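Work through the exercises below with the sequence and the 3D structure at hand. Each task is followed by a solution in steps.

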Amino acid sequence: MTTYAVTGASGPFGHHAVTSLIEAGVPASDIVALVRTPSKVQDLADQGVQVRVADYSDAATLPDALAGVDTLLLVSGSEVGQRVAQHTNVIDAAKTAGVSRIVYTSAPRADTTELALAPEHKATEEALRASGVAFTILRNSWYVENYLGQVEQYRATGEIVGAAGDGLVSGAPRADFAEAAAAALVQSGHENAVYELGGAPAFTMTDLAAALSTATGTTIVYRDVTPDELVATLEGVGLDSGTAGFVTALDVATKRGDLFTDSGDLQRLLGRESTPLADAIAAALK
């Protein structure tokens, strides 16, 4: 019997990963959902999943939470600036608990990219390698859902304003990446492997606007501007300068190709094609 644990199981990615394990035939009783607030995963507990309290920032909670775990999915934390310390806490506790392999959700080409989000992922990858615990690194490209939080604004203005040019994004819905993570957990042969995961076909922001137009029944176009113009636009709608600069840097990274991969690793882990953009958008907007 192998026991699998998923950190951040109350979040969208972690929850998808747990349900994917169940759908893959793993008995719920062999799955541990690690969360800060157990009440948020009552649905998993009702299915027989073990729910344990674990807080990335509270190292004292981690040894008991990881007791008896064989394979761990470490879902990267959301607190930018604190993630290296938090992830290292989990890695150290996993090693102490005797976890045999850690699967980690990283960023595209984390060791070489200029992507602003990458340094903490690169440092976590280095901590994994130094730990001596077997690992599998999943370098996830962009979730389609990342673009859908402002759909009503796009509909109201009829446009997406950005500085991404014709940069390609190997995006896929979060559920695809989580399903791939579950596959990497249960399958053999992924020890000390690094995978670049991305959806196919890749899309541009113009493609995104066209897909949103179809899904919403509202004409939406993509308007490309310079990075300086985008910063000014974002500040004009109320974003502080730091956030505006960060969002713009992500667009510049997209234009540079930092969110594109043609590796095919996601599709191989899934054992199928990734979900097309139009289908992902339609499902998310239901």
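**Exercise 1.** Is Arg272 buried, partly exposed or exposed, and which residue does the side chain of Arg272 meet in a salt bridge?

*Solution.* Step 1: Arg272 has a relative accessible area of 31%. Buried means under 20% relative accessible area, exposed over 50%, and partly exposed in between, for a 1.4 Å probe and protein chains only. Arg272 is therefore partly exposed.
Step 2: The salt bridge partner of Arg272 is Glu179, at 2.9 Å from N to O. A salt bridge here is a side-chain nitrogen of Lys or Arg within 4 Å of a carboxyl oxygen of Asp or Glu.
Step 3: The two lie 93 residues apart, with Arg272 in the loop between helix H11 (265-270) and helix H12 (277-285), and Glu179 in helix H7. Helices (H or I, at least four residues) and strands (E, at least two) are DSSP runs numbered from the N terminus.
Step 4: Glu179 is also partly exposed, at 30%.

The model is predicted: local features need pLDDT of at least 70 and side-chain atom pairs count only at pLDDT 80 or more, while totals for chains, interfaces and linings use all residues. Residues are numbered from 1 along each chain as its sequence is written, and side-chain values use heavy atoms, leaving out hydrogens and water.

**Exercise 2.** Describe the salt bridge between Arg139 and Asp111.

*Solution.* Step 1: Their side chains meet at 3.3 Å, N to O.
Step 2: Arg139 belongs to strand S6 (residues 134-140), and Asp111 to the loop between strand S5 (101-106) and helix H5 (118-131), 28 residues apart.
Step 3: Arg139 counts as buried at 6% relative accessibility, whereas Asp111 is partly exposed at 42%.
Step 4: Both belong to a network of salt bridges that also includes Glu125 and Glu196.

**Exercise 3.** Where is His190 found, and with which side chains does the side chain of His190 make polar contacts?

*Solution.* Step 1: His190 is in the loop between helix H7 (174-186) and strand S8 (193-197).
Step 2: With a relative accessible area of 8%, His190 is buried.
Step 3: Its side chain makes polar contacts with the side chains of Gln187 (2.8 Å) and Tyr195 (2.7 Å). A polar contact is a pair of N or O atoms within 3.5 Å; within protein, one must be able to donate a hydrogen and the other to accept it, and residues adjacent in sequence count only if both atoms are side-chain atoms.
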